[in-house]
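Here is a friendly briefing to read with the model open beside you.

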Amino acid sequence: SLRNPASFCNVVGLRPTPGRVPRWPTAAPRFPFNVHGPMARTVGDLALLLDVISGPDPRAPLSRAWPADPIRDRLGRDLTGVRVAWSETLGGLPCERAVLEALAPVRQTLEELGCITEEAEPDLSGADEIFIAWRAWYFELAFGDLLDRHRTRLKDTVVWNIEAGRALTGPALGAAERLRAALDERCRQFQERFPFLVLPVAQVVPFPIELPYVTRINDVELDSYLDWMKSCYHITVTGLPAVSVPAGFTPDGLPVGLQIVGRPGDELGVLQLAYGIEQATGAYRRRPALEDAT
C-alpha cells in the first residue's frame, strides 16, 4: 500500500528495507512483509521524510541505526555505467498494454542517463506460495479475534485470508520458508550482476473506484483479489527496497508508475535512480484537470 497508490496518483512511494522505518505497535514485530514507509510529491520530499522517520527504536527489533548522512542531500548522481535489469512482466505476469506502452520510453531515458539496460529478471519461483502462506498467517494472528467476534462485519476477502491462516499447517509454513530461502539466494546472485531491477508497479492502469478489484487482465481471468498486484507482492517477499516513481501516462491521462528495486538496504541507490528518472521525464509535474463541482 505504498507503491500501488503512489503509482495510481502520480506521486512517489517507497517500500523500504524491513527495519529501515520502525514498526510499533504490531502483532508481529519481526514479520518482514508489513513495513512502514514514506509517500511524497517528489523524490526529494520523500527522501527528506525517510531521513526523518528512519532509525532505531528499542520497541522494534528489526530496526537499526542507518548512515547519518541525509539521503536528501545525496540524490544527484552520475549514473554512467550503472547496470539496470529491465523487465516488462516480471517473468510473464499478465500486464495491460497501456501500462507497457506508457513505460516503454523510460528505457531510452535510462540509457540517456548513462545506464546500461538489459532485459532480465530474477527467478521468483515460489513467490506466490510464500506470499499467500505468510500473509494468511499474519491475517489470522492480527485479525483472528475480529473474525470470532464480528464475522458479519468483515469483508469477504478478509474472512478468506483469516480462514486460510487457520488452515495452515506447520509443514506448509516450513515449505514456504524453504522456498523463501531459495528465492533469497537467487535474488542475491541476480543482484551481483544488476544492482537495480525496474518494472511496472501495477499490472493495470488505475481502475474505477466502484470496482473492488480487477478480475481480468487482457484475456487472463484472475483467481483472487490479489492477483492484479503480483508485480508488487512478488517483490515484497524478497524484502528488497522498492520505489514507485511517476514515469508516464496513458492516452486517457491516467498515471503509470515505474518500480525500481535495489539491493538490501540500498534506499540511497534506489532513490538516486528514481531522482534521475523524475528529473528527466518531468512526469511528476503533471496535474489532473479538476472539474467544477458546482
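The notes below go through pockets, cavities, a helix pair, a salt bridge and backbone details.

Please keep in mind that this is a predicted model. Its largest pocket holds about 840 Å³ of space, and the second largest pocket holds about 290 Å³. Elsewhere, helices α3 and α8 cross at roughly 110°, and a cis peptide bond joins Trp 24 and Pro 25.

**The largest pocket**

- Helix α4 supplies the largest share, with five residues.
- By class, the lining has 20 nonpolar residues, alongside five polar and four charged ones.

**The second largest pocket**

- With about 290 Å³ of space, the second largest pocket is lined by 14 residues.
- The residues closest to its centre are Asp 184, Thr 238, Gly 239, Leu 240 and Pro 264.
- Seven residues of this lining are nonpolar, four are polar and three are charged.

**Cavities**

- The structure holds four cavities of 30 Å³ or more, and the largest cavity has about 90 Å³ of space.
- Lining the largest cavity are 13 residues, with Gly 19, Val 21, Arg 23, Pro 29 and Leu 62 nearest its centre.
- In this lining, nine residues are nonpolar, three are polar and one is charged.

**How α3 meets α8**

- To place this pair, recall that two packed helices are described by the angle between their axes and the distance between the axes.
- The axes of α3 (residues 97-112) and α8 (residues 267-281) come within 10 Å and cross at roughly 110°. Angles of 65 to 115 degrees count as roughly perpendicular, so α3 is roughly perpendicular to α8.
- On the α3 side, the contact is made by Val 106, Thr 109 and Leu 110. Helix α8 brings Leu 273, Ile 277, Ala 280 and Thr 281.
- Sorted by class, this contact has five nonpolar residues and two polar ones, with no charged residues.

**A salt bridge in α4**

- The structure holds 17 salt bridges. One to look at joins the side chains of Arg 149 and Asp 145, with 3.2 Å from N to O.
- Why are Arg 149 and Asp 145 separated by about one helical turn? The two are four residues apart in helix α4, which means a separation of about one helical turn.

**Backbone details**

- Most residues other than glycine have a negative phi, and most peptide bonds are trans. Two places in this model are worth checking against that background.
- The peptide bond between Trp 24 and Pro 25 is cis, with omega about 0°. Pro 25 lies in the loop between β1 (12-15) and β2 (39-40).
- Asn 10 is not a glycine, yet has a positive phi of about 60°. You will find Asn 10 in the loop between α1 and β1.

Terms used:
Residues numbered from 1 in each chain as written. Predicted model: local features only at pLDDT ≥ 70, side-chain atom pairs only at ≥ 80, totals over all residues. Heavy atoms only, no water. 1 Å grid on protein atoms, 1.4 Å probe; cavity = no way out; pocket = protein on both sides within 12 Å on 5 of 7 lines; lining within 4 Å. Points joined across faces, edges and corners; volume = space filled by probe spheres on them. Nonpolar A, V, L, I, M, F, W, Y, C, P; charged D, E, K, R; others polar. Axes fitted to C-alpha atoms, helices over the stretch in contact; angles between N-to-C directions. Parallel < 35°, antiparallel > 145°, perpendicular 65-115°, else oblique. Contact = heavy atoms within 4.5 Å. Salt bridge = Lys/Arg side-chain N within 4 Å of Asp/Glu carboxyl O.
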